[in-house]
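Please work through the exercises below with the structure at hand, trying each task before reading its solution.

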Amino acid sequence: MSTEQILAFMMLGLGYGALIAGLATGMVVTYRSTGVINIAAGATAAYSAYVYSELRTTGTLVLPPSIPLTADREPLGALPALAIGLALAAGLGVLQYLLVYRPLAKAGPLAKIVASSGVLLTVQAVIVLRWGADPVAAPAVLPQAPVDLLGVSIPEDRLLLAGLVVVVTALLWTLYRYTRFGIATRAAADSRKGSVLLGLSTARLESANWVIASVLGGLFGMLAAPTTQLQPTTFTLLVVPVLTAALLGGFSSFGVTVATAFGLGAVNSLIALFQGQPWFPKVDGAPLPGVTELAPFLVLAVVLYLRGRALPDRLTAVAPPMPRAPRPRHVGPAAVVGAVVVVAALAGLSFDWRQALINTMLGAVLCLSVVVTTGFVGQISFAQMAVAGAAGYVTAAIGTDANLPFPLPPIAGIAAAVATSLLFSVPARRVRGLQLAVLTLAGGVAAQRFWFGNPQWGSGLRPANVAPITVFGTEISPSHSFWGTESPSSGFGLVVFVALLGCALLVVRVRRSALGARMLAVRSSEAAAVATGVNVGAVKTAAFAMGGLLAGVAGVLYGYNFAGVSADRFGPLTSIAFFGVAVLGGVGTVSGALVGGLLVSQGLLFHAVTTWFGIGPDYQPLFAGLAVILTVIGSPNGVAVSVADGARALRETWRRQRRRGVTATGES
Amino acid sequence: MAGPLLRAEALCLHYGGVRALNEVDVEITPTELVGVIGPNGAGKSTLLDAITGFATPTSGALTFDGQDVLRRRPSERARMGIARTWQTLQLFEDLTVSENVRMAVPRRPKAVGVLPRRGGERAEHDALARLGIGGLADRMPGELSHGQRVLVGIARALAGDPKLLLMDEPAAGLDGSERDLLGEILRDVVASGTSVVLVDHDMPLVLGICDRLYVLDFGAVIASGAPRQVRNDPAVVAAYLGADDPETRDEERLQPSLPTEGAR
C-alpha cells in the first residue's frame with residue numbers, strides 16, 4: 001500500500017464526499033429556515049437520480065405515471081434530462097413544503113421528524129414499486145476520463161464534483177450572508193412573528209429555501225450517482241453520513257458541514273482500500289463488513305458526547321407540543337374483552353388471518369416500546385429495531401448455537417436488548433431531541449451492518465435459525481400442532497397474546513406510577529423536573545431500559561414467529577417505519593400502540609386490504625408512508641386518542657340531544 | 001442564626017463576549033424577601049439561573065447554607081432547598097395539578113421509586129391548601145387561568161419545603177387583585193421561614209413588599225438597600241431614566257417586559 005494509493009483512494013472519495021456535501025448543505029438550508037431535519041433528503045435525491053437515469057435510457061419521464069418524451073423509447077440527451085431532473089427536484093421541494101411542512105409550522109420537532117420519515121417511506125416506496133430494490137446502473141453525466149493529479153490518476157468527474165461543491169458552498173454562503181433573501185430567511189427563522197410583522201412572506205421564503213435544498217440534493221444525486229450506486233436503500237440511508245456532516249456543522253456552518261462531508265468521503269474510500277489489504281480483519285474470507293457504516297456513527301457519538309450540553313440553552317415559553325398521554329382507563333374490562341376476542345379469533349380464523357393477527361400483536365409490542373421511550377419521556381429513538389434485533393440474534397445464538405433449553409434463550413435475548421437500549425441511553429443523558437434521533441438512526445445502521453449482517457457475530461446474508469419454544473417436550477411454534485389441533489396451530493398465537501397482554505399491563509402500570517409521572521414531567525419540562533429534584537438522567541435510563549425490555553420481547557417473538565432472524569428485518573428503515581406507525585396509532589397511550597399494531601405491514605389492516613381489495617402487499621409501504629404524513633398533520637395525538645375524543649364528543653352530543661328530545665316530547 | 005443563607009461573591013458569567021453577570025455580590029439572609037429589579041437584559045434571570053445551577057458562572061463563589069454549591073448540579077441544589085419558578089411557568093402539562101406538586105415533595109430515603117409515595121400526599125395537600133387552590137387538585141394545568149397556573153407553579157416550588165425560593169416575574173400577566181394576592185402569599189411564605197428572591201418588573205409590588213432590593217444594570221449590581229433608599233438612588237434613577245433623553249428612555253426602560261405567550 002503506497003502513498004500514491006492512499007492519495008488516489010482519498011481522491012476517489014471526492015465523488016461520495018461531494019454527494020454527501022450537496023445533500024448536507026441542503027439539510028442545513030431547510031433546518032435553518034423551517035426547523036425540519038429532512039431525513040427524506042437521501043430518498044428525494046435518489047428519486048431525481050432515478051428519473052434522470054430513466055430519461056437517459058428510455059426517454060420516459062416517471063412522475064410516477066410514465067410519460068414517454070421520445071419516440072420509440074429513444075434515450076433523451078444529457079442536458080434536457082438534467083434540466084427535467086432539476087425541475088422535478090424543485091417541484092418536489094415546493095410540494096413537500098406546502099403539503100407537509102407548512103401545515104406543521106407550529107408543531108414540535110417530533111411531528112416534523114415523523115412527517116419527514118413519512119416522506120422518506122413514501123418516496124422510497126415509489127422508487128421500489130417503479131424500479132425495484134436492486135441496484136441500477138446510473139448513466140454518467142460528467143466526463144470520466146482519467147486525469148493526473150499529484151502523481152495519481154483519477155476520473156475527471158471526481159474533481160469536477162468537488163469543484164462544484166466548493167462553488168455551490170461559496171454561493172450559498174454569500175447568498176445567506178449578504179443578500180436580502182438570505183438575511184430575510186435568517187430573520188424569519190429567528191422570529192416568525194417578527195418577520196410577519198415586517199411584512200415578509202414566510203411562505204415564499206420558506207418554499208424558496210426548500211427549492212434550494214431540494215435542487216441541491218437532486219443535482220448532486222444525479223451527478224454523483226454514477227460514482228456510487230443507484231439502489232433505493234443505500235441512497236436513502238445516505239442520510240446518515242449527511243446528518244453527521246450537518247450536525248457537526250451545527251446545522252448552521254456550510255464550511256464545517258462540507259469539510260466533514262469530504263472527510264467522510266475520504267474515510268469511506270480509505271476503508272474500501274484497507275478492506276483489500278491482507279491485514280484487514282476477515283470474516284469467512286471476506287473483509288469485515290459494516291466498518292463503513294460504523295464510521296459516521298462513531299464520529300457522531302464521540303462529537304455529540306463531548307459537545308453535548310446537560311441542559312437546554314433556552315426555555316421556550318410553550319413547550320413544543322407532544323402527543324397527549326392521558327391516564328389509561330377501563331383497563332380491566334378492555335383486557336378481558338381483548339382476551340375473549342383474540343382467543344376466539346385464534347380458534348376460528350384461517351391460517352393467513354391468524355398470522356396477520358400475530359404480526360399485529362408483535363407490532364403492538366414494538367409500538368409499546370416506542371410509547372415508553374418517546375411517548376412518555378420524549379426521547380426520539382430510531383434504533384428500536386436494532387434493539388429488537390439484538391434480542392433476536394442473542395436468542396438464536398443461545399438457543400441454536402449453544403443449544404440451551406427454553407427459558408434461557410429468550411431471557412438472554414431480552415437482557416441483550418435492555419443492554420443495547422441502555423447503551424443508547426448514555427448519549428441520551430447528554431444530547432436531546434433531534435440530535436438523539438440522528439444518533440440512534442446512525443446506531444441502527446451500524447448495528448444492522450456491523451452486527452446482524454456480519455457472518456461472524458450475526459448471520460450474514462442468510463437468516464439465523466431460532467429454535468422453537470419447547471416446554472416439557474411440547475413444541476409451541478406457528479408451524480407445529482398444538483394440543484392435538486390441526487397443524488399449523490394457534491398455540492403460538494396464545495403465547496404472543498399473553499406476552500402482549502403482559503407488556504400492555506406493564507406500560508399501564510408505569511403510566512400510573514410515580515415513575516410514570518416523573519417521565520411525563522421530564523417530557524413536559526426537563527428544566528422544571530430538574531428544579532423539583534427529579535433525577536432526569538435516572539428517569540431517562542429507566543425509560544430506555546423499559547423500552548429495551550419491550551422491544552426485546554418483540555424481537556424474541558419475531559424470531560420464534562419466523563423460526564429465524566435476518567439482518568434485513570431489523571434495519572433502520574424498518575425502525576423508521578415502526579416509529580411512524582407508532583406515532584400514527586398514538587405514541588402517548590397503550591391503546592395507541594394497539595392501533596399501531598393493526599397498521600403494521602403484514603398486520604390485520606393490510607391483510608384485509610390485500611384480501612378484500614386485491615391490492616398487492618407491495619403497496620403497503622406506500623400507504624404506510626402516506627398515512628404517517630396525513631396523521632401527523634391531521635391528528636397529531638394519534639388515531640387512538642382522536643377516536644377516543646371523537647367518541648366522547650359524540651356521546652356528549654347524543655346525551656344532549658336526548659335531553660332536548662325529552663323536553664320536546666314533554667312540551668308537545 | 002449565623003451568616004447568610006445564600007452568598008454570591010464576584011459572580012461573573014459571560015456568554016461569548018456578552019457579560020451577563022459582572023462581579024455580582026448578593027447576600028440573602030434567612031426569612032427575608034429580596035427584590036431584584038433592573039431593565040430588560042440586565043441579567044436578572046441569568047442571576048437566578050446561576051444560583052439554581054442552570055447556568056455556569058465563569059468565575060466567582062456561591063455558598064448556600066454554609067456550603068459551596070458552585071459546582072453542584074441543579075437537582076442537588078434543589079434537594080438542598082433552593083426552589084424556583086419560571087416566567088414561562090414550565091408546568092408539567094401532562095400531569096394533574098396535584099401530581100405537579102407531588103413531583104417536588106421530597107421522597108423518603110430508600111423509598112422504592114416505582115411505588116407511590118404515600119407520605120407525600122399530606123405535603124402536597126398542604127402546599128395546595130396554603131395557596132387556596134386545593135379545589136384544583138385534580139384538574140389539568142391546561143384547563144386553568146393564567147393566575148391559577150402561576151399559583152400552581154408556586155405551590156410546586158413550595159412543596160419541597162425550600163429554604164430559598166427564587167421567582168422569575170410571577171406578576172407578569174396578572175391583574176390587580178391577583179397581584180395583591182401574590183403579594184400576600186409571598187409575605188406569608190417569608191413569615192413561615194422561607195427566604196424569597198423576587199425578580200419582577202412590577203414596581204408597586206416589588207417596592208411594596210420587599211425588605212431589600214438589588215438593582216442590576218448591564219450585569220452589575222448598581223444599587224442595593226431598602227426600597228425607600230433605592231428609589232432615590234441617583235444611579236438607579238439614571239439607569240431607569242437615562243441621562244440623554246429622559247422622555248424616550250423612560251418609556252423604553254420602565255416598561256415591564258412584554259407578557260409572554262403563557263399570559264392569556
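Helices and strands are here DSSP runs numbered from the N terminus, a strand having at least two residues. The model is a predicted one.

**Exercise 1.** Find where B:Thr31 lies between strands of chain B, and decide whether B:Thr31 is buried or exposed, or something in between.

*Solution.* B:Thr31 sits in the loop that runs between β2 (18–28) and β3 (33–37) of chain B. Its phi is positive, about 45°, although the residue is not a glycine. A residue counts as buried with 20 or more other C-beta atoms within 10 Å and as exposed with 12 or fewer; B:Thr31 has 17 C-beta neighbours inside 10 Å and therefore counts as partly exposed.

**Exercise 2.** Carry out the corresponding steps for B:Asp65.

*Solution.* B:Asp65 belongs to the loop between β4 (59–64) and β5 (67–68) of chain B. Phi is positive here too, near 55°, in a residue other than glycine. With 15 other C-beta atoms within 10 Å, B:Asp65 is partly exposed.

**Exercise 3.** Describe how helix α2 (residues 41–58) and helix α4 (residues 109–131) of chain A are placed relative to one another.

*Solution.* The two axes come within 9 Å and cross at roughly 30°. Angles under 35 degrees count as roughly parallel, so α2(A) is roughly parallel to α4(A). The crossing is left-handed. Residues of α2(A) that meet α4(A) include A:Ala43 and A:Tyr50, while A:Leu120 and A:Trp131 are among those on the α4(A) side. By class, this contact has eight nonpolar, two polar and no charged residues.

Definitions and conventions. Residues are numbered from 1 along each chain as its sequence is written. Chains are lettered from A and ligands numbered from 1 in the order in which they are written. This is a predicted model: local features need pLDDT of at least 70, side-chain atom pairs count only at pLDDT 80 or more; totals for chains, interfaces and linings use all residues. Axes are lines fitted to C-alpha atoms, for helices over the stretch in contact, and angles run from 0 to 180 degrees between N-to-C directions. Helices (H or I, at least four residues) and strands (E, at least two) are DSSP runs, numbered from the N terminus. Angles under 35 degrees count as roughly parallel, over 145 as roughly antiparallel, 65 to 115 as roughly perpendicular and the rest as oblique. A crossing is left-handed if the near helix is turned anticlockwise from the far one by less than a right angle, and right-handed if clockwise. Two residues are in contact if their C-beta atoms, placed from the backbone, lie within 7 Å. Ala, Val, Leu, Ile, Met, Phe, Trp, Tyr, Cys and Pro count as nonpolar, Asp, Glu, Lys and Arg as charged, and the others, Gly among them, as polar.
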